[in-house]
Structures are given as structure tokens and as C-alpha cells.
Amino acid sequence: MDSVRSSLPLERLAAFARQHQGRACALVAEGGVICDISRNAFAARGLAQSVSLGDIVTVDCGADSVRGEVIQISEEQVRIKPFDETVKPVLGASVFAHGAFAVRPDRSWRGRVVNALGEAIDEEGALVEGVRPMAIEAVALPALQRGRVGTPLRTGVKVLDIFTPLCFGQRIGVFAGSGVGKSTLLAMMTQADHFDTVVLALTGERGREVRDMLEDTLAGKRGKVVAVVATGDESPMMRRMAPATATTIAEYFAGLGDNVLLMVDSVTRYALAGREVGIAAGEPPVSRGFPPGVFSQLARLLERAGPGREGRGSITGVYAVLIDGDDHNDPVADAIRGILDGHIVLDRAIVAQGRFPAVDILASISRLAAHCWTAEQRQLVKSLREMVARYEETRDLRAMGAYKAGSDSVLDQAVQLVPRLYAAMAQGPDTPPVADAYAELARALRDSAGEGAKA
């Protein structure tokens, strides 16, 4: 019985050969078969000699098919992580390789919403594909071929434009714990009118927040926004791929000469997805459960933003960084801080005081601020920081009643000025962008001083 069963495939092959004798048969695709299945990954035989890490494969699952990525290769088999973990193959299912994944961005993508695979999910029809495929796992532009960064950028957010000013082509992170206002601050920064194109990557976000961001925050600006969405319930492969796809789309528009704003919310969830993929591929967890590959992936991704070639467009990168347990020494946050050109820190204690945006002025820094300040502005910001530092370091002393006016002239000035400064920096998401933050600050301080004199 066994010999009869084993001869059936040979008989079918012989019949196929007789039927197609004398005809040229084109090879459709190289393939293999599934030989091992786990809850969130599977292995295939027959592909080890014909694929590379990162290649895309399609697995036949009967009525459906599922795409996946090759994450590990051994001599006998390859390990595949699927993009859709709800579809499961069976042992012996066919697997076909398709090479490295690439997208084909086009100008018409502005105003559209796509998934991490570059497919439309906004029910507005199929996307127009561009003429040039662009691999999403690309390398950054060589350092000596980049332009210099130095053109100031106004975000319209007063506290940022004064204390952490940005330049076109700069990369900055917004560091905060959950619920402190990262997404709100990013939404306020999208109101700046200085960018030709905005690419927004919503990675691991709550599903309900997607439409809020697109229809409320970006109302009136959707025509120049490309949104790449991978919500928190999607597979780690999709969450890991979304920022890379968004960066590739941003590179396309920058190559056309656009000044691009790339916003990723959040890059921490990209790292968490990379951790899941790395562990599935057999990498050892070395730092709070993160395998070493995650940190090199972060550097490759973040370095792709920045200034382009001389005379071409730039990518200004703004990355939300979720601080685990409000610990700013978290290994992912620490690695990102060392890569970026500055960091904006949001503090939960400031939220408790009712101040928004909850930017910690003393902990936040822009490494390119020197290109934005005049000599007078630099001296003003330095003086304001010193007064804020003096005010905050004596907060407990003053709460105990140990402070007496007149004993320290600098502290007296800080006590009078800093609360007015905090009030002047207050700004909500519904507030229009401020064109001149310094003029607005001077006006607010004059008004508050006048009201104090009347009282």
C-alpha cells in the first residue's frame, strides 16, 4: 500500500511530462513547502539556497494566501514571520519567494492612507504606482553627500520655538510616558505650513485614534499628508514595517525636492515589534529583553531622515518615544536620544500642575538651536533657563515657608517672572500656530506685569 501511495506523485509527473513534451514551460516561481508551524512563525524547506534575509514569500493557505518575511536561514530550512498572524498554513503548503520588498510611491499618494505594505486602506480606490520601485530596507545617504542643516523652522508651538528651536532636516524626539501628551504635541507640530509634504506613521496606536488624527487634527491639510497606519492589534511584522515604509515614502518626496515632515508615533513600538521578530529569529535578549539587532535597526532607520543632497529636499523627522515606566534611562530611549539631534521631554508632574504642553524646559534640548537664535535671543533663553532652574530647585523650600522676599534678588526675580513665563507658554491643540513666539512672549509678559501692577 505504501509503495502504491509513494508512486502516485511520480505517475502524475510522468503524465505532465508526456502532455507537455516538446513545449517550452516557463518557471513561474521558485518554491518550497511548510515543514514546521508555531503560533506566530513557521519554517519551510526548499528555499534555503534561493532566498535572502528580508525577502518576501507567499504561503498557500487553501482559499487564502499569506505573505511573510524570511527572518532566519539555515542550511536545510528558512524561518518565516507572517504579516497576518490570523491566517495559518498547514504542513506541506506551498511557499513561493518574491525577493526583497519594495514600494512604488507616486505624487498622487498625497491625501491617501496606506498600510505598512503600501496598500490603500482608505476605500478611495487603488493607488497609482510610481515608475521606480524603492526597497523599504534602504541605507542612509552617505554623510559627505548630504547638505548642511541650518535653515530655521517655526513649528508654531511657542515653548518649542523659544527653548528648543528646530531646523529643516533636523531629527528630534518627543520623550514621555503614556498619557502625557506626545500625540497631542505631534499633532500641534503638523500645523506648521512650511512643509510641502507630511508623512505620518501611526505605529502601534489605538485604532480609534487614527480617524481622530486624520479627520480632526489634520483637517484642511489632508491633501499633503500620506498616512501609514499599523494599529496595535496588527502583527509585529506590520508594526515593524510601518516606519520603514513611511521613511521610504518620505525619501521619495524629498528626492523630488520637497521639504518633508516625517512623524512617527511611536518609534518605541517599532522597537518593541523588532524585539518580537528578533526573538522569533533566535536572537538572544541582552538588554531588558531587547536583542542587539534592535539597536542597529533603530540607527539605520533614524539616520535615513535628515538633509538630502545639496539643492534637493530634506526630511525633518519628529519621533515620539514612549518612556517605559517614566524611566528616561530605558535602553531604547537612551539609544534613540544618542542618535537624534535633540529631545523634547514631557513631564507627568507638569501635567499634574495643569500646564500644557507639558514640556520640561530644563531637560529639553535642540542640538541645532545655535542656527536658529540671534545673539540677543540666545542670551534671553539662557537667562530664562537660569531663572526656571532657580525657581524649580527652590520649590520645596518655598512650599515649607522658608523663603523670604528680599533675601535673594535673583530668586525674587524668578518667583515674579517664572509663573508668568509658564502662563505665556501655555498652548492648546485648538490654538492657532504662533508666527512669532518671542513677540507673543513679550506681549504676554507685559500684559501679566500690567495686571499685577493694577492688583
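Guide: A pocket is an open set of grid points where a 1.4 Å probe fits, and its lining residues have an atom within 4 Å of a point. Keep in mind that this model is predicted.

Visitor: What makes Leu141 a lining residue of the second largest pocket?

Guide: Lining takes an atom within 4 Å of a pocket point. Leu141 is one of the 22 residues lining the second largest pocket, so Leu141 meets that cut-off. Leu141, Glu251, Ala254, Gly255 and Arg309 are the lining residues nearest the centre of this pocket.

Visitor: Which helix gives the largest share of that lining?

Guide: That is H5, with 4 residues. Strands S9 (134-135), S16 (306-307) and S17 (314-322) each supply at least two residues as well.

Visitor: What lines the largest pocket?

Guide: Its lining has 27 residues, with Gly54, Glu69, Glu137, Arg240 and Arg300 nearest the centre. H6 gives the most, with 4 residues. By class, 16 are nonpolar, 4 polar and 7 charged.

Visitor: Which domains contribute to the lining of the largest pocket?

Guide: Domain 1 (29-100) and domain 2 (103-370) each provide at least three of its residues.

Methods: Residues are numbered from 1 along each chain as its sequence is written. This is a predicted model: local features need pLDDT of at least 70, side-chain atom pairs count only at pLDDT 80 or more; totals for chains, interfaces and linings use all residues. Side-chain values use heavy atoms; hydrogens and water are left out. On a 1 Å grid over the protein atoms alone, a cavity is a set of points where a 1.4 Å probe fits but cannot get out, and a pocket is an open set with protein on both sides within 12 Å along at least five of seven lines; lining residues have an atom within 4 Å of a point. Ala, Val, Leu, Ile, Met, Phe, Trp, Tyr, Cys and Pro count as nonpolar, Asp, Glu, Lys and Arg as charged, and the others, Gly among them, as polar. Domain bounds come from an automatic or database domain assignment.
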